[in-house]
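Please read them beside the sequence and the coordinates.

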Amino acid sequence: ADVAGLRGGVFHTLGADGLAAHAFERGDATFFLSQKMHSVSRLDAGERRVLVLELWEGGENHAPSRDEPHRWEGDWREDLQ
């Protein structure tokens, strides 16, 4: 994307120090743990194209929740058997 034509669409993460905004230029990439709280503000002008990938080690996880104990030990697992 031509960042000069963008207004909004800012990527944020939430850390111990509060909300942090991250600026990107064309071709930039970021990697972070997906359970880290993150969001993107509304894009008010311009066009942004993104590619999102999630990498896993191990088998597929069918959990309906991002809550870690529920993901690995929840009663939803009975539905898979």
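1. Confidence by element. Strand β5 (residues 43-45) has the highest mean pLDDT among the elements of the protein chain, at 89. Helix α1 (residues 68-73) has the lowest, at 57. Here pLDDT is the predictor's confidence in each residue, from 0 to 100. Helices (H or I, at least four residues) and strands (E, at least two) are DSSP runs, numbered from the N terminus.

2. Confidence overall, and ground rules. The mean pLDDT of the protein chain is 76. Of its residues, 72% reach 70 or more. This is a predicted model, in which local features need pLDDT of at least 70 and side-chain atom pairs count only at pLDDT 80 or more, while totals for chains, interfaces and linings use all residues. Residues are numbered from 1 along each chain as its sequence is written, and side-chain values use heavy atoms, with hydrogens and water left out.

3. The sheet. Which strand order does the open sheet have? The order is β3-β2-β4, with antiparallel pairing across 3 strands. Two strands pair if DSSP finds at least two bridges between them. β3 and β4 each have a single partner strand and stand at the edges, so one side of each is left without a neighbour in the sheet. From one strand to the next, the twist averages 25 degrees. That angle is taken between axes, which are lines fitted to C-alpha atoms (for helices over the stretch in contact), and runs from 0 to 180 degrees between N-to-C directions. As background, strands of a sheet pair through backbone hydrogen bonds, either parallel or antiparallel.

4. Bridges. β2 and β3 run antiparallel and are joined by 5 bridges. A hairpin of 2 residues connects β2 to β3. Gly15 has Gly18 in β3 as its bridge partner. Phe11 stands opposite Val40 in β4, and His12 stands opposite Ser39 in β4.

5. Aromatic rings. How many aromatic pairs does the structure hold? There are 2. Rings of Phe, Tyr and Trp (its six-membered ring) pair if their centres lie within 6.5 Å; planes under 30 degrees apart count as stacked, over 60 as edge-to-face and the rest as tilted. The Phe11 and Phe32 rings have centres 5.4 Å apart and planes at 45 degrees, so this pair is tilted. Phe11 lies in strand β2 (residues 11-15) and Phe32 in the loop between β3 (18-22) and β4 (38-40), so the pair ties together parts that are 21 residues apart in sequence. Ring pairs link Phe11, Phe24 and Phe32 into a cluster.

6. Phe11 counts as buried, at 13% relative accessibility. Phe32 is partly exposed, at 33%. The cut-offs: buried means under 20% relative accessible area, exposed over 50%, partly exposed in between (1.4 Å probe, protein chains only).

7. His12. This residue is in strand β2. Buried or exposed? His12 counts as buried, at 16% relative accessibility. Its side chain reaches the backbone oxygen of Val10 at 3.1 Å. Leaving aside residues up to four places away in sequence, His12 touches Leu19, Ala20, Ala21, His22, Met37, His38, Ser39 and Ser41. Contact means heavy atoms within 4.5 Å. His12 and Ala23 are 11 residues apart along the chain, with their C-alpha atoms separated by 9.1 Å.

8. Thr13. Thr13 is also in strand β2. Thr13 is buried, with a relative accessible area of 8%. Which side chain makes a polar contact with the side chain of Thr13? The partner is His22, at 2.7 Å. A polar contact is a pair of N or O atoms within 3.5 Å; within protein, one must be able to donate a hydrogen and the other to accept it, and residues adjacent in sequence count only if both atoms are side-chain atoms. Beyond four places in sequence, the residues that Thr13 touches include Gly18, Lys36 and Met37.

9. Leu6. Leu6 lies in the segment before β1 (7-8). Leu6 is buried, with a relative accessible area of 16%. Leu6 and Ala45 are 39 residues apart in sequence, yet 5.2 Å apart in space, C-alpha to C-alpha.
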